[in-house]
Amino acid sequence: MNNNTIVNGTDSPGSASGDKRDLLALLKLIKKYNLKQTEELLCQEANIRSEELEDLDDKEISSLLTSALGDNQENNPPGITAHTGTENDPEFCDTVFGELRNFVDESLDIYKHELFMVLYPILVQIYFKLVSNGYAKPAREFVEKYGPDLDYYYREDLQNLLLITKRSDLENNDFVTAMETDKFIIRMSRDAHSLFKRHIQDRKQELIADIVAKYLHFDTYEGTARSKAQCDATAGSLIGEARRQDNKIRVYYGLLKEVDFQSLTTPAPTVVEEEDDNDPDAPDKPKKKKPKKDPLFSKKSKSDPNAPAMDRIPLPELKDADKLEKLKALREASKRVPLNKDSLPSVCLYTILNSHHTVTCAEISEDSYMMAVGFTDSSIKVWSLTPAKLREMKTAEHLKDIDKDAEDVLVRMMDDRTGEAARTFYGHSGPVYRCAFAPEKNMLLSCSEDTTIRLWSLHTWTCIVVFKGHLFPVWDVRFSPHGYYFASCSYDKTARLWATDSNQPLRIFTGHLSDVDCVQFHPNSNYIASGSSDRTIRLWDVLNGQLVRLMTGHKGSIYALAFSTCGRYLASGSSDHTVLIYDLSHGQLVTSLVRHTGSIHTMCFSRDGTILAIGGLDCCLTLWDFSKLAEDYIAQNSNASHNPEINEGDTYLLRAFPTKCTPFLSLHFTRRNLLLAVGTYKA
């Protein structure tokens, strides 16, 4: 039989229905590109019902187009579809991205800045596609052509992007993983988003539509589009911006109710009178100090409506010695110098000589009695900052003779004959990156490149525990303000919560896309903040390990974190030379403090919370009026909005203290608001 036939709706071998299948494939392709009029005309002429188009899948369409190209397929690299307009073709990719860039450039100014944010993630994904399909050179030319048009804070990322030149480089690459697995978040007004979608549909840009569907997430909102300054304020991280829903969970940022010291205040007046006996005005001072102390105690005992419950997380019970130490701290606080713009703190700078390339960190104890310094040779040295010597505990035989019920039992346990001005710890097998004193002043934590954390006794001057869990170097370790718990962070992209009596972590906080460079406990011990090289700050709930805040805005790795004394605000310092202040109640950026010309590695709030001190590697110390900053923020914008105005931080700078050649390693306010600084002299 010469004529081809169709039997029961199926194609017999060699039938002419193959032509009909080709026609159906062509109609399906036309329908895919939403060419309705062309589709209707062809269906009428070929007498084809629209239901027949549903029988074809995309593979048959691709097969039809591939076979139509004939021998041209042989001239292309393996795995590359050779038809004109394919998303894998470098010229097509260049054309599509060029049209997108022109669309953004020609948009109205009110929408242009938000639309501009889509260019970076789309450029990165197109580069990945080209490299994956063997077009390394065109991919590089593509980035070099359009990369300079992007924001300055993506330049380093684009340089890292160009290091990926073949398919194997795409595997197990942190940057690729971050861009592929976590959708890039872009906060955009609904009007701007509608313009962007309409452009994709009108220009039939399937390549852009596919990238948007797979790798981008638009956090849209109703209202006016943001300005360039507002867009830049929270941009820059590997994930884009934080979604509003990431910061919706309530954070109990208030301080815990302090223990009632009324039962311990009985001996206090006697102690105060004895201290003031040497003063010629001593008869009058006890009368003046009594009313000062009472409001202090009553103020501490008030409940904060934003504070967590006392039993929300298990905290260690205070021993009598701890209560007496807290009472001593309160007496010190009663003599505290109030700080403001007219009364700045005195600064004492400890300069470590001949050690610029060997000192890695420095830390001062809460009571300002001791200082610990870590070195690249794996050692830790502890100095006494007072005339009192660092003593060692007596031997077991001598401890038997001590009265355990004596009030000064801890003093009697120490051997005066062993007193030294400084002591050294040995045990790590790599550079020591951070030291942290326990609030009880009886232990010291340290972390190292050797992936371990060590707990040292300041009584026996020996290592008590070695904590192993991190897989790579540990960058930071911090004690909880209430003791017992401590947090660490590492190159392995995790932060961890530990307890001093357990060799396994209690919580492992995962989510950062790069190494976690710093951690810090909230003053109420219920939360831990972590800063990362992915340029984000995350706040974790200690109770359940949940991420409760995600904050963006930095354009470089984050090296320093500090909570305000009230617990509501978080300051972060970065390699981008800036310090950002966030409001934890909403996760909202308050202001940016720009003054330094080097990386920020240390910050500290004064004990009364009025002054923020910042030390940089640019050998400069700056003091900022934080009380005025917080007042202006609350007065201007007490409620979170989609596009808040960011305060200008320069107006709050009180004083800058440059040193000759001493970058700052650590800052610490004493209980009386004297500012202590530590640095290494750089010859």
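Strands, like helices, are DSSP runs numbered from the N terminus, with at least two residues (E) for a strand and at least four (H or I) for a helix. The model is predicted: local features need pLDDT of at least 70, side-chain atom pairs count only at pLDDT 80 or more, and totals for chains, interfaces and linings use all residues. Residues are numbered from 1 along each chain as its sequence is written, and side-chain values use heavy atoms, without hydrogens or water.

An open sheet of four strands runs in the order β6-β7-β8-β11, with antiparallel pairing; two strands pair if DSSP finds at least two bridges between them. Because β6 (359-364) and β11 (422-425) each have a single partner strand, they stand at the edges, and one side of each lacks a neighbour in the sheet. From one strand to the next, the twist averages 20°. Within this sheet, β7 (residues 370-375) and β8 (residues 380-384) are joined by five bridges, and Gly-374 has Ile-380 in β8 as its bridge partner.

The loop between β17 (485-490) and β18 (494-499) holds Tyr-491. Tyr-491 counts as partly exposed because its relative accessibility is 41%, the class between buried (under 20%) and exposed (over 50%), with a 1.4 Å probe and protein chains only. Together with Leu-471 and Phe-472, Tyr-491 forms a nonpolar surface patch of about 330 Å² accessible area. Patches consist of residues with over 30% relative accessible area and no salt bridge, where nonpolar side chains (Val, Leu, Ile, Met, Phe, Trp, Tyr) are joined within 5 Å and like charges within 9 Å; a salt bridge places a side-chain nitrogen of Lys or Arg within 4 Å of a carboxyl oxygen of Asp or Glu. Accessible areas come from the Shrake-Rupley method with a 1.4 Å probe, and for residues only the protein chains shown count as cover.

Methods
Axes are lines fitted to C-alpha atoms, for helices over the stretch in contact, and angles run from 0 to 180 degrees between N-to-C directions.
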